[in-house]
Amino acid sequence: MHSALGKLFLGCILATFLSSSISDKPKILIIGDSISIGYTPFVKKTMEPKAEVYHNPGNAQHTGTGLKKIDEWLGDTRWDIVQFNWGLWDLCYRDSDSKEQGNRDKAKGKITFSVEEYAANLDSLVSIIESKTDAKLIFVCTTMVPENEAGRFAKDPQIYNKAAKKIMRKHKVLVNDLYKPSVPIHAEYGKGSNDVHYTPEGYEKLASHVVSFLNSQLK
């Protein structure tokens with residue numbers, strides 16, 4: 001009887017220790033659209049030994065959605081790093097009559113947010129995040145847009161990234177420029193000249209750049 005109780009006691013101690021060990025890992029929150037949803041599983045798997053990686057529920061869409069949901073996404077967790085990105089949805093043109101997925105139409109559609117509106121929204125979002133957490137902040141630049149994408153212009157990511165970098169400098173937020181590696185990765189592992197998304201191999205390649213940057217910022 002005493003032996004059984006002793007084993008139970010030791011088991012409880014071990015469980016408490018393991019739970020404490022897990023909770024002591026740095027916690028990383030990734031906020032972003034479908035591109036980040038695609039690479040996050042690879043990031044999570046690679047970083048599992050040293051950090052807990054989470055993604056906001058669902059798709060973070062555009063900065064307007066971010067402003068509505070950022071408090072909910074941050075929650076009460078004490079994050080060590082918050083990595084965030086908005087852009088592909090902000091620079092997208094949509095028309096209610098378009099038959100393309102998401103009503104995309106760069107010929108007749110209306111842009112979701114102009115670059116000026118995007119910058120202003122990002123400025124507000126960074127201020128909110130800074131007020132809610134002591135985490136290290138990382139902005140990830142918007143990835144490339146292929147020429148034949150129905151609702152987006154190929155030149156716009158660089159325009160929006162330039163505006164975003166200015167806001168990040170103002171707030172002294174780190175920037176991971178994922179646009180540059182996304183160009184050759186998309187050329188080989190993209191889903192086509194009309195699609196901003198990637199094959200699993202492409203997302204794994206993007207993840208390697210994200211992991212490398214995150215690792216450089218972990219204590």
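Helix α2 (residues 34-47) supplies three residues, the largest share of the lining of the largest cavity. The model is a predicted one, in which local features need pLDDT of at least 70 and side-chain atom pairs pLDDT 80 or more, while totals for chains, interfaces and linings use all residues. Residues are numbered from 1 along each chain as its sequence is written, and side-chain values use heavy atoms, without hydrogens and water.

The structure holds one cavity of 30 Å³ or more, where a cavity is a set of points on a 1 Å grid over the protein atoms alone at which a 1.4 Å probe fits but cannot get out. The volume of the largest cavity is about 80 Å³, taken as the space filled by probe spheres set on the points. Its lining residues (an atom within 4 Å of a point) include Asp-33, Tyr-39, Asn-85, Cys-141 and Leu-178. By class, six residues of this lining are nonpolar, four polar and one charged.

We turn next to the helices. Helix α3 (residues 63-74) packs with helix α4 (residues 115-132) at an angle of about 5°, their axes lying 9 Å apart. This makes α3 roughly parallel to α4 (angles under 35 degrees). Contacts (heavy atoms within 4.5 Å) bring together Leu-67, Ile-70 and Leu-74, among others in α3, with residues of α4 including Leu-122, Leu-125 and Ile-129. The contact of α3 with α4 has eight nonpolar, five polar and two charged residues.

Overall, the protein has seven helices and seven strands, these being DSSP runs of H or I (at least four residues) and of E (at least two). Of its 219 residues, 47% are buried (under 20% relative accessible area, 1.4 Å probe, protein chains only).

Technical notes: On a 1 Å grid over the protein atoms alone, a cavity is a set of points where a 1.4 Å probe fits but cannot get out, and a pocket is an open set with protein on both sides within 12 Å along at least five of seven lines; lining residues have an atom within 4 Å of a point. Ala, Val, Leu, Ile, Met, Phe, Trp, Tyr, Cys and Pro count as nonpolar, Asp, Glu, Lys and Arg as charged, and the others, Gly among them, as polar. Axes are lines fitted to C-alpha atoms, for helices over the stretch in contact, and angles run from 0 to 180 degrees between N-to-C directions. Angles under 35 degrees count as roughly parallel, over 145 as roughly antiparallel, 65 to 115 as roughly perpendicular and the rest as oblique. Buried means under 20% relative accessible area, exposed over 50%, partly exposed in between (1.4 Å probe, protein chains only).
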